Amino acid sequence: MDTESTYSGYSYYSGRSRGSHRHGERSRDRHKSRGKDSRSEKSVTITTPPAEPLLGDSAVRGEQVQDDNWGETTTAVTGTSEHSLSQEDIVRITKDLEDSVGLDCRRYFTLALAVVLGLLVFLTPIAFLALPHLLWPEKLQSCGTACEGLFISVAFKLLILLLAVWALFFRQPRAGLPRVLVFRALLAVLVLLFVVAYWLFYGVRILDSQDENYQGIVQYAVSLVDALLFIHYLAIVLLELRQLQPCFSVCVTRSTDGEMRHYNLGQLSIQRAALAILERYYCDFPVHNPALLSASKSRAVKHLAGLKVYNVDGEFPAAPAEGPGNNAAAAAAGLAHSQSRAMIAAAARRRDTSHNELYYEEAEHERRVRKRKARLVVAVEEAFTHIKRMQEEEQKKAPGDVMDPREAAQAIFPSMARALQKYLRTTKQQHCHSMESIQQHLAFCITNNMTPKAFLECYLTPGPTLQYSRDHWLARRWTLISEASVTSGLKDGSTFLLRCGDFSLVVTTKRLPYIQMSEEYIDPKSHKFVLRLQSETSV
């Protein structure tokens with residue numbers, strides 16, 4: 001039988017609070033005796049209620065196990081805990097806030113600039129047609145049938161241009177890039193120069209001379225709208241069509257666990273390639289689980305913890321110092337140094353048997369996972385047998401004990417909670433699933449008449465990052481590290497990093513090879529065969 005140690009959150013926090021209370025009394029007595037010198041020290045204390053997920057947080061307490069009776073012995077924790085922040089932490093938090101404010105300001109400034117440029121583009125043809133009627137209406141020649149047809153052409157072209165610009169440029173931003181997009185900036189400058197050139201020509205040849213040929217003015221406005229449509233077509237080619245043809249194969253490797261994926265990308269800049277990789281990362285890579293990486297560290301600590309060092313000679317190197325206190329400190333330092341060297345040497349001698357320990361630990365872990373999985377499958381199947389979907393005829397009868405999907409999920413959840421928590425804890429997934437998310441998923445499965453196997457699939461097989469709660473992927477801030485400029489295009493052999501928190505994605509680029517294909521014709525009449533008979537052949 002597996003022996004499981006229980007953990008009580010109430011006793012943990014109460015022990016901390018009692019210890020911190022005694023420590024506070026001792027520190028208060030020491031501070032009273034220090035005088036005015038201690039008043040110059042700056043510290044900030046924030047008092048917050050303790051918050052801890054029911055399934056535990058391995059990032060906070062590492063390998064500490066949670067209460068097996070999950071949902072039955074959950075105790076409400078009252079009181080406060082104290083967390084002190086140093087001056088460096090306050091400076092770092094302030095810097096992060098300033099960076100976020102700067103990014104928001106830059107995003108809104110770019111949007112405002114695009115709106116102003118768009119209004120200038122769309123109002124220019126209308127101004128070309130309206131200014132002659134406002135400034136010299138008595139000198140204008142009458143507009144004939146052809147001129148009135150051009151009015152309809154200008155109106156529909158402007159409508160098409162408005163819809164096309166809205167569909168291409170005014171879309172919800174997917175990410176905030178560190179630099180401006182080169183092609184977008186070039187297109188904006190081109191449109192601005194183009195409109196300014198048209199205004200200069202209009203002011204010199206039409207406004208100054210007060211041209212009376214209104215049909216020529218209308219044709220001039222139509223030519224401007226046609227040119228703007230061609231520029232929009234150029235924008236589609238540069239921003240959308242140019243990157244469709246694959247040119248590079250990128251290898252994306254996660255630095256912590258070595259998870260690797262390969263993607264084909266087109267002609268993109270480094271920052272746009274990084275954005276495309278991150279969009280696929282959240283859908284293709286399994287969720288990053290730092291709890292799985294602590295097994296090797298705990299094994300090394302356990303390996304060194306089994307060693308004991310004895311000082312047989314009672315001698316250890318010590319540097320000459322003045323005073324008895326300095327002699328004692330130097331002696332203690334020499335003892336610690338000699339002990340560390342002895343432990344390293346002993347660990348090196350025991351390295352030959354470390355592979356056996358690793359083999360048996362992995363075998364034991366796999367056995368426990370299979371056992372917990374079997375218990376979980378049986379518990380979930382038994383829990384699903386306790387509910388039944390009512391038909392329309394049965395709903396018209398006396399209601400009795402009728403429940404909605406949420407109530408049904410809450411009713412059968414306690415029977416599977418213990419087995420599910422043990423399995424998640426064994427596979428180091430307890431920080432990825434909260435009790436609320438599990439109950440919501442259970443209610444979703446009950447609503448859509450899904451089987452127990454469908455309910456367990458997301459827990460038995462680790463899925464991509466987007467499968468989990470929004471806290472694991474929402475508003476993640478990535479840092480792009482590259483030796484080359486992020487606005488330059490991808491090249492053969494380019495390497496850059498995408499860092500987020502305690503892990504990073506290492507991206508290496510290889511150009512796709514040029515493929516030479518040849519043709520070989522085979523005559524269908526050449527497919528003729530004969531039967532080869534031998535003495536030992538049985539026909």
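What span should the 15 residues of helix α7 have, and how far apart are its end C-alpha atoms? I looked this up in a predicted model. Helix α7 covers residues 270–284, and at 1.5 Å a residue I expect a span of 21 Å. The end C-alpha atoms are 20 Å apart, which agrees.

**Entry: what covers α7**

I listed the buried residues of α7 next. They are I270, Q271, A273, A274, L275, A276, I277, L278, Y281 and Y282. I then looked for what covers these residues, and found that the cover includes β3 (248–254), β4 (260–265), β5 (479–482), β6 (495–500) and β7 (503–511). Helix α7 lies across these strands and runs at about 130 degrees to β4.

**Entry: the sheet**

In what order do the 5 strands of the open sheet stand? I read the order as β4-β3-β7-β6-β5, with antiparallel pairing. β4 and β5 are at the edges with a single partner strand each, so one side of each has no neighbour in the sheet. From one strand to the next, the twist averages 25 degrees. As a reminder to myself, strands of a sheet pair through backbone hydrogen bonds, either parallel or antiparallel.

I stayed with β3 for a while. Of its 7 residues, 6 are buried, so I noted the strand as mostly covered, taking buried to mean under 20% relative accessible area. β3 is joined to β4 by 6 bridges, and the two run antiparallel. C251 stands opposite H262 in β4. β3 is also joined to β7, by 7 bridges, again antiparallel. There, S249 has K510 of β7 as its bridge partner.

The hairpin of β3 and β4 has 5 residues between the strands. In this hairpin I found G258 with a positive phi near 75 degrees.

**Entry: nonpolar cores**

Which residues have the most contacts inside the largest nonpolar core? They are F128 and Y214, in a core of 26 residues. Helices α3 (87–135), α4 (145–168), α5 (182–207) and α6 (214–241) each supply at least two residues of this core. α6 gives the most, with 10 residues.

I checked the contacts of F128, leaving out residues up to four places away in sequence. F128 touches Y198, W199, Y202, I217, Y220, A221 and L224. I also found a second, separate core of 25 residues, which includes V380, M416, A419 and Y423.

**Entry: α12 against α14**

At what angle do helix α12 and helix α14 pack? The angle is about 30 degrees between α12 (residues 405–426) and α14 (residues 452–460), and their axes are 11 Å apart. Angles under 35 degrees count as roughly parallel, and therefore I wrote the two helices down as roughly parallel to each other. At the contact, M416, L420, Y423 and L424 in α12 meet F455, Y459 and L460 in α14.

**Entry: positive phi in loops**

Q210 is not a glycine, yet has a positive phi of about 50 degrees. Q210 lies in the loop between α5 and α6. Is Q210 buried, partly exposed or exposed? Its relative accessibility is 29%, so I counted Q210 as partly exposed.

K428 is another residue other than glycine with a positive phi, near 60 degrees. I placed K428 in the loop between α12 and α13 (435–447).

Notes:
Residues numbered from 1 in each chain as written. Predicted model: local features only at pLDDT ≥ 70, side-chain atom pairs only at ≥ 80, totals over all residues. Heavy atoms only, no water. Helix = DSSP H or I, 4+ residues; strand = E, 2+ residues; numbered from the N terminus. Expected span 1.5 Å × (residues − 1). Buried < 20%, exposed > 50% of the residue type's maximum accessible area, 1.4 Å probe, protein only. Contact = heavy atoms within 4.5 Å. Pairing = 2+ DSSP bridges. Axes fitted to C-alpha atoms, helices over the stretch in contact; angles between N-to-C directions. Core = buried A, V, L, I, M, F, W, Y, C linked by side-chain atoms within 4.5 Å. Parallel < 35°, antiparallel > 145°, perpendicular 65-115°, else oblique.
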